[in-house]
Amino acid sequence: TLIVGGTWQASTLNWNWQGALLGAGIPSVLYIVQNYFTLIAYQALPPVTFNILNQTKTLSAALCCYLLLGQKQSPVQIVALFVLLLS
């Protein structure tokens, strides 16, 4: 990075288009696809159903972090997830 390398030339020495596309292109395409499907769901589902499904996205991400990565949530995060579940 620029902070570690100190100069622009040192930071961009090993830069290439393939690395840039892999580093930024793939996530941006996935973000576009996700937003497209969100728009389709927003148009096709009743508002209450859409909001419930949209909020369960956060709960499922927290559950996957716990089950797949073994990353435990702090007590404050658990309370926030519980409040989200209640809403």
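The report below goes from the overall fold to the helices.

This is a predicted model, in which local features need pLDDT of at least 70, side-chain atom pairs count only at pLDDT 80 or more, and totals for chains, interfaces and linings use all residues. Residues are numbered from 1 along each chain as its sequence is written, and side-chain values use heavy atoms, with hydrogens and water left out.

The protein has five helices and zero strands, where helices (H or I, at least four residues) and strands (E, at least two) are DSSP runs numbered from the N terminus. Along the sequence the pattern is α-α-α-α-α. The radius of gyration, taken over C-alpha atoms, is compared with a globule rule of 2.2 Å times the number of residues to the power 0.38. The protein has 19 Å, whereas a compact globule of 87 residues would have a value near 12 Å. Its C-alpha atoms fill a box of roughly 50 × 35 × 20 Å along the principal axes.

Helix α3 covers residues 17-44. The expected span is 1.5 Å times one less than the number of residues.

| Helix α3 | Value |
|---|---|
| Number of residues | 28 residues |
| Span, first C-alpha to last | 39 Å |

Helix α4 (residues 47-69) packs with helix α5 (residues 75-86) at about 145°, the axes being 10 Å apart. Axes are lines fitted to C-alpha atoms, for helices over the stretch in contact, and angles run from 0 to 180 degrees between N-to-C directions. In this contact (heavy atoms within 4.5 Å), α4 contributes Gln55, Thr58, Leu59 and Ala62, and α5 contributes Leu81, Leu84 and Leu85.
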